[in-house]
Amino acid sequence: MIWTLWLLLLAALLLAALMSITRACLAAAARSKPAAAKRLRNNRIRALDSLLAQTEALSWALNFAENAAKLAAAMAGTALIVAYHEARYLALAVVLALGFLALAPILVERIASRLSYRFCLFTLPLLELAAYLAKPLHGLLRRLLAAAPSASIGNGVDAEHAPRQMLGSAATLHPPSAEAARKDQAMLGGLLNLKELEVSDVMIHRTKMVMIDAALPPGEIIAAILKSGHTRLPIFRDRPDNILGVLNARDLLAALQQANGDSAKLDIEKIAKPAWYVPDTRPISDQLSAFLRRKTHFAMVVDEYGEVMGLITLEDILEEIVGDIVDEHDAMASGVRRQADGSFTIDGAVPIRDLNRALDWELPDDEATTLAGLVVHEARMIPNPGQAFTFHGFRFEVLRKRRHQVTLLKVTPEKRPPAQPE
């Protein structure tokens, strides 16, 4: 009898730990998927993706099983305390319980932060069983709550705002079904992912930079700045790598007013401010702090050899958190044109991250920065116009190429079967 209680106590503690780890990994895996999992589309990954799309019932089942295991452990521990009258056995039970309480949160955090998706794949049979068993009961409970006169959850939180409250708690992150709450979750996920990004992942590449030639007449420079729609532009002389500084439209207009509107009197190089250079390997979180510390919004990005790779602004970093920030001067999706047949013609230089953000796609960006780079990487060649490739759920057809650079592509999303209702 005594050994049965010990085995029950150990089994209950292990089950509670497994449920806690699985629930934390499920929430972490729902926020972000590793690039390798995006490239590999086997049956196990498809099955897990299907579960991650409807984790509310699954999380409820895991939470229920964890609480039941903790209750069983408490009952077994109480029975052991009653059965033993010697202090050493009582102390052993207390040490075992305290050790579990101390180590469990650390173990959960380590596994959830490093191996969340892999752990979910490992426990996929358990997740599928839990989802199968929980779905009917969870659906019944939802219908009963929906039919209740007072639509409140927990401590008076409205049912409509419950997903937002759950999203605000790191311990209860579940993918909500409401569109507004989904956007909130994506914003929180973008904030959490800042630690994983470098400046090179977010910067505007030099091939897409708008720059001003200092040799142009001041009148043409003013017209170019007004046409660009940007408030800050780098200026160069002779060649684009020879950056003289950054020209602020506000400073330029102030100087023009002082010159009584005579643009010929302007000295563009004196108006421009010195450029601030940052390494392309700097973490985005550090760059955000540097922007706030220096009270500036614009920096040039250089590689280890000092070559200009692009530029980064404070707005670029904020868009990683909140999504695209579009004002009245911005194009909704620069370089992207939707066609009547559902396909898109996209410039090859469009960054993959911008596409994913604007069109809610999941193209991998760990091996390439631009769409053309992704096609070249996957094709293992520089394709010619007319060649087409299918990968990552899309068909890519090369429409135009200039020298060795793919400049225009037609991208067609593959048709997917409609999702089955819960």
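## The mixed sheet and its helices

Strand E8 (residues 298-302) is paired with strand E9 (residues 308-313) through five bridges, in the antiparallel sense. Within this pairing, Val 301 has Gly 310 of E9 as its bridge partner. These descriptions refer to a predicted model. Helix H15 (residues 314-322) packs on the sheet and touches E3 and E9. The direction of H15 makes about 70° with that of E9. Helix H14 (residues 284-294) lies across E7, E8 and E9, and runs at about 60° to E9.

The sheet is open and consists of four strands in the order E3-E9-E8-E7, with mixed pairing. Its edges are formed by strand E3 (204-205) and strand E7 (277-279), each of which pairs on one side only.

## A charge over a ring

Arg 294 lies over the face of Trp 276, and the distance to the ring centre is 4.1 Å.

Strands of a sheet pair through backbone hydrogen bonds, in a parallel or an antiparallel sense. Three bridges connect strand E10 (residues 336-338) with strand E11 (residues 344-347), and the sense is antiparallel. One of the residues involved is Val 336, whose bridge partner in E11 is Ile 346. The hairpin of E10 and E11 has five residues between the strands, and Gly 342 takes a positive phi near 95° there.

E11 is also joined to strand E14 (residues 405-413), by four bridges in an antiparallel arrangement. Ile 346 has Leu 409 as its bridge partner in E14, while Asp 347 has Leu 408. Strand E13 (residues 394-402) runs antiparallel to E14, and eight bridges join the two. Arg 400 is bridged to Leu 408 of E14, the residue that is also the partner of Asp 347. In the hairpin of E13 and E14, two residues stand between the strands, and Arg 403 takes a positive phi near 55°.

## The aromatic cluster

Five aromatic pairs are found in a search of the whole structure. In one of them, the ring centres of Phe 344 and Trp 361 are 5.4 Å apart and the planes meet at 85°; the pair is therefore edge-to-face, since the angle is over 60 degrees. This pair links distant parts of the chain, 17 residues apart: Phe 344 belongs to strand E11, and Trp 361 to the loop between helix H16 (352-359) and helix H17 (371-379). Phe 344 counts as buried because its relative accessibility is 5%. Trp 361 likewise counts as buried, with a relative accessibility of 11%.

The rings of Phe 394 and Phe 396 have centres 6.2 Å apart and planes at 50°, so this pair is tilted. Phe 394 and Phe 396 are both buried. Ring pairs join Phe 344, Trp 361, Phe 391, Phe 394 and Phe 396 into a cluster.

Asn 356 is located in helix H16. Its relative accessibility is 17%, so Asn 356 counts as buried, the limit being under 20%. Leaving aside residues up to four places away in sequence, Asn 356 touches Trp 361, Glu 362 and Leu 363. Of these contacts, Trp 361 is also a member of the aromatic cluster.

Definitions and conventions: Residues numbered from 1 in each chain as written. Predicted model: local features only at pLDDT ≥ 70, side-chain atom pairs only at ≥ 80, totals over all residues. Heavy atoms only, no water. Pairing = 2+ DSSP bridges. Phe/Tyr/Trp six-rings, centres within 6.5 Å; stacked < 30°, edge-to-face > 60°. Buried < 20%, exposed > 50% of the residue type's maximum accessible area, 1.4 Å probe, protein only. Lys NZ or Arg CZ within 6 Å of the ring centre and 35° of its normal. Contact = heavy atoms within 4.5 Å. Axes fitted to C-alpha atoms, helices over the stretch in contact; angles between N-to-C directions.
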